[in-house]
Amino acid sequence: MKPEGRSGLVTSGRRAEGMRRANASAVLRAVLSGDGVSRAEVVRRTGLSAPAVTKLTASLIESGHLVEAEPRHTTALGRPRVAIRIDRDRGAALGVHIGLERTTLGLVALDGTVLAERALRHEDTSPATIVEQAAEGVAAFLREHRGGRRVLGTGVSTGGWVDGGTVVEHAALGWTGVPLADLLSARVPGPLRMEQHVRATAEAELWFGAGRETDDLLVVFIGQVVDAALVLGRSIHRGPGSAAGGIDHLFVGATAGGDAGAVGSAGAGGSAGAGGGAGAGGDAGGDGDARCGCGRTGCLAAVATDAALLAAARRAGIDATDLDHLIALARGGDERAAALVGGRARAVGRAVALLADLVNPGRVVLSGGVVKAPEHLDELSAEAARCASRGRDLADRIGATGLGPGALVVSAAAPVLADVLADPLGAEA
């Protein structure tokens, strides 16, 4: 007789169940691409047999992940095709993004649709206060917006350096070694998945954005913090201690009205040494003496964060209350404000050039405050292409995130949604 239940053996039953779960994920991903597709379309997209798709669809409808939409009327003879789509009424993930000025909460459906959202402004940025505010805010938010939905889990994201459930360092918040997941886990619906914000954004892009077109991404976030995430072969790189993505101290030279030119590589229009001398099209003036917390000048964080941009505006005598106000002044004809916003875009372009030369991504996705002024993204892309040594078509590969105005909560929820999308039947209640 064959031994049964021996540890480490993969039985035919286990293999079959594993295949069934993988096929269920394939069906779900095929449905993600539209707001209603027929079973026949799912068969074509997945390569699965029609009977298999029918069975898996039934299981996914029963589990609350899919729902039948209104029948499609066709000109052909026979019964109209019944479309299936993601069920946004029976399940959703909770996304919690903790930023410098506010915590943003949102319910996000399995297709990345934001069903409800709320922002909680911070009066105090101590970990205990923010955790308490978030926990109380989540309870009130779910009472109002949950309805009959099953909460699939809670995704928590924040900037800085995050390793597992711990915020190792978040300079803007002044946090070091904060066990955020432990502090929140008993106060929010589980399972809880915590991730550094730009890596959570990369996860969201893989499922709902640029990842539908390429398996290799560079995601760059420029806002109150600056961070990057690298995705190669649909795998997000973290490195030892999850320390990957720290771009705070990339040397990009001056900005805010003047630029230090190309950085460390020869662009199409000129060259620059490691010291960041002026390249073609850039001048060495501007805000180059803005000092970083590390003691040096010209670091990306010192010239490109939202706070750095507003500090430069104050030094220039511009009375801008926040980033939106500064951008509005630039659009209204204030040349000093326009020089600041454009200078930031070019500084980010130089950082993108360095990163793109290193990893040659299929797409570069920009997010954060830098995309609030899309009229300057052409400057950013042109500067990146000029400074990159291997980026002949780099400008064409750079674009703003398409996750929409709810990007913060979609990204926060993305690790939870990804778990369900990868194994929808394993996530059944």
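Accessible areas come from the Shrake-Rupley method with a 1.4 Å probe, and for residues only the protein chains shown count as cover. The model is predicted: local features require pLDDT of at least 70, side-chain atom pairs count only at pLDDT 80 or more, and totals for chains, interfaces and linings use all residues. Residues are numbered from 1 along each chain as its sequence is written, and side-chain values use heavy atoms, with hydrogens and water left out.

**Exercise 1. Describe the chain as a whole.**

Step 1. The chain exposes about 19100 Å², and carbon and sulfur atoms supply 51% of this area.

Step 2. Of the 429 residues in the chain, 50% are buried (under 20% relative accessible area; exposed means over 50%, and partly exposed lies in between, with a 1.4 Å probe and protein chains only).

Step 3. The chain has 13 helices and 16 strands; these are DSSP runs (H or I of at least four residues for helices, E of at least two for strands), numbered from the N terminus.

**Exercise 2. Explain why helix α8 is described as largely enclosed.**

Step 1. Helix α8 covers residues 306–315, and seven of its ten residues are buried, so the helix is largely enclosed by the rest of the structure.

Step 2. The buried residues are Asp-306, Ala-308, Leu-309, Leu-310, Ala-311, Ala-312 and Ala-313.

Step 3. Their cover includes β12 (217–222), α7 (300–304), α9 and α10.

Step 4. After α8 comes Gly-317, with a positive phi near 80 degrees.

**Exercise 3. Characterise the packing of α9 against α10.**

Step 1. Two packed helices are described by the angle between their axes and the distance between the axes.

Step 2. The axes of α9 (residues 323–331) and α10 (residues 335–359) come within 7 Å and cross at roughly 115 degrees. Axes are lines fitted to C-alpha atoms, for helices over the stretch in contact, and angles run from 0 to 180 degrees between N-to-C directions.

Step 3. The contact is made by Leu-323, Leu-326, Ile-327, Leu-329 and Ala-330 of α9, together with Ala-337, Ala-338, Leu-340, Val-341 and Arg-344 of α10.

Terms used: Contact means heavy atoms within 4.5 Å.
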